[in-house]
Amino acid sequence: MRAQAEAIEDFAAVLRELRESVGNPPFREMSGRSGAISHTTLHEATKGNRLPSWGTTVEFVKACGAEPAAYRERWERANRAVRSASAGRPAPAALEASVPGAGEGLALPVAVEPPGPPKGDGTSASRPAPPPPHGRIAGDVRAVFPAPKRRGRFRLSSPGAVALAAAVIGTWAVVLIVVDHDSGKDGMEEYGNRAKNALTPADCPVQPTNPAPASPRHKGDEAKFVADITLPDCTRVGTGQSVTKVWRLKNTGTVPWDGYSLRRLDLPQKADNCQTISEVPIADTEPGHAVDIRTEITTPRKPGLCYVRFKVVDGEGKVAFPGSRPVNFQVIVEGP
């Protein structure tokens with residue numbers, strides 16, 4: 001795990017250097033500048049105990065008067081190193097594949113996702129199931145091909161099998177599915193590892209589906225979707241515009257939300273997608289209180305339906321409610 005520890009410490013050093021360059025402002029002052037994240041979470045980001053989420057990094061950098069985009073590549077390098085170390089193999093480089101939101105061990109996202117969820121209960125998780133596998137880091141990653149000889153890899157091992165495959169290929173289209181039996185699901189993969197059918201404005205509003213049953217990551221944690229404060233489903237907006245989306249959630253459990261955020265699922269973002277930051281900070285929220293969560297949206301230059309989903313992650317970057325539907329926005333983008 002040395003590579004993982006070094007990646008985390010190196011990134012923490014980057015944040016410490018940034019803070020030092022602006023005169024080491026107190027963390028409480030930085031939290032006040034942010035208005036979206038606690039001073040304890042900002043302090044933790046500089047300790048090197050764990051890699052801060054991208055949402056935390058964004059608020060830290062902004063509180064220092066810097067531009068988050070300048071730190072994105074360094075954060076992603078550290079995130080890949082942490083994920084690779086957790087999986088017990090070297091960090092992937094040339095083998096990275098641009099498959100949105102896919103997890104380790106999946107070479108081709110061949111499963112087709114049914115239409116996704118509307119707002120409804122957004123984040124409520126009440127059905128019991130085993131907790132997410134230990135050591136997995138959900139969310140903002142790309143797919144990698146599994147290493148040779150991993151368990152579950154499909155291979156042709158005899159001349160007869162090769163000949164049979166060649167004959168089949170001559171008359172039929174063949175799809176190879178690579179399965180990694182060691183990979184688990186943490187609530188993010190339930191949505192992130194699948195390709196979904198192309199959606200059009202006629203599909204709006206997208207109808208609900210339910211993820212696999214799972215209990216919240218923290219016992220007693222619970223959330224309720226309250227309302228779309230701006231941009232209700234199927235709002236029509238122009239191409240190439242910047243608009244603000246605001247959701248309202250309520251902490252209906254017994255666990256304080258400290259350093260929570262909404263993490264986007266369809267990553268990496270494509271040119272014809274509505275563009276947002278990949279992790280939207282949630283202001284620290286005590287049980288029984290509601291919170292407004294906002295993000296800026298830049299619409300594409302091509303008309304269509306933008307259907308974008310997020311999962312709530314805790315201060316450690318883990319999915320907080322794996323058994324609940326994602327929070328989403330869906331807007332119809334129209335040309336001039």
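1. **Ground rules.** The model is predicted, so local features need pLDDT of at least 70, side-chain atom pairs count only at pLDDT 80 or more, and totals for chains, interfaces and linings use all residues. Numbering runs from 1 along each chain as its sequence is written, and side-chain values use heavy atoms, with hydrogens and water left out.

2. **Overall picture.** The protein chain has seven helices and twelve strands; these are DSSP runs numbered from the N terminus, with helices being H or I of at least four residues and strands E of at least two. Of its 336 residues, 47% count as buried (under 20% relative accessible area; exposed is over 50% and partly exposed is in between, with a 1.4 Å probe and protein chains only). The accessible surface comes to about 16,300 Å², and 55% of that belongs to carbon and sulfur atoms (Shrake-Rupley method, 1.4 Å probe; for residues, only the protein chains shown count as cover).

3. **Contacts along the chain.** Take the contacts (heavy atoms within 4.5 Å) with a separation of 6 or more: residues 24 or more positions apart account for 76% of them.

4. **Cis peptides.** Have a look at two prolines. Cys 204 and Pro 205 are joined by a cis peptide bond with omega about 0°, and Pro 205 sits in the loop between strand 4 (195-196) and strand 5 (223-228). The bond from Leu 267 to Pro 268 is cis too, with omega near -5°; Pro 268 is in the loop between strand 8 (261-264) and strand 9 (279-281).

5. **Positive phi at Asn 24.** This residue is not a glycine, yet its phi is near 50°. Asn 24 belongs to the loop between helix 1 (2-21) and helix 2 (27-34), and it counts as partly exposed because its relative accessibility is 38%.

6. **Positive phi at Leu 231.** Here phi is about 50°, again in a residue that is not a glycine. Leu 231 lies in the loop between strand 5 and strand 6 (235-238). Its relative accessibility is 13%, so Leu 231 counts as buried.

7. **Ser 38.** Which residues does Ser 38 touch, leaving out those up to four places away in sequence? They are Ser 31, Asp 258 and Asp 284. With Asp 284 there is also a side-chain polar contact of 3.1 Å (a pair of N or O atoms within 3.5 Å; within protein, one must be able to donate a hydrogen and the other to accept it, and residues adjacent in sequence count only if both atoms are side-chain atoms). Ser 38 lies in the loop between helix 2 and helix 3 (39-45), and it counts as buried because its relative accessibility is 9%.
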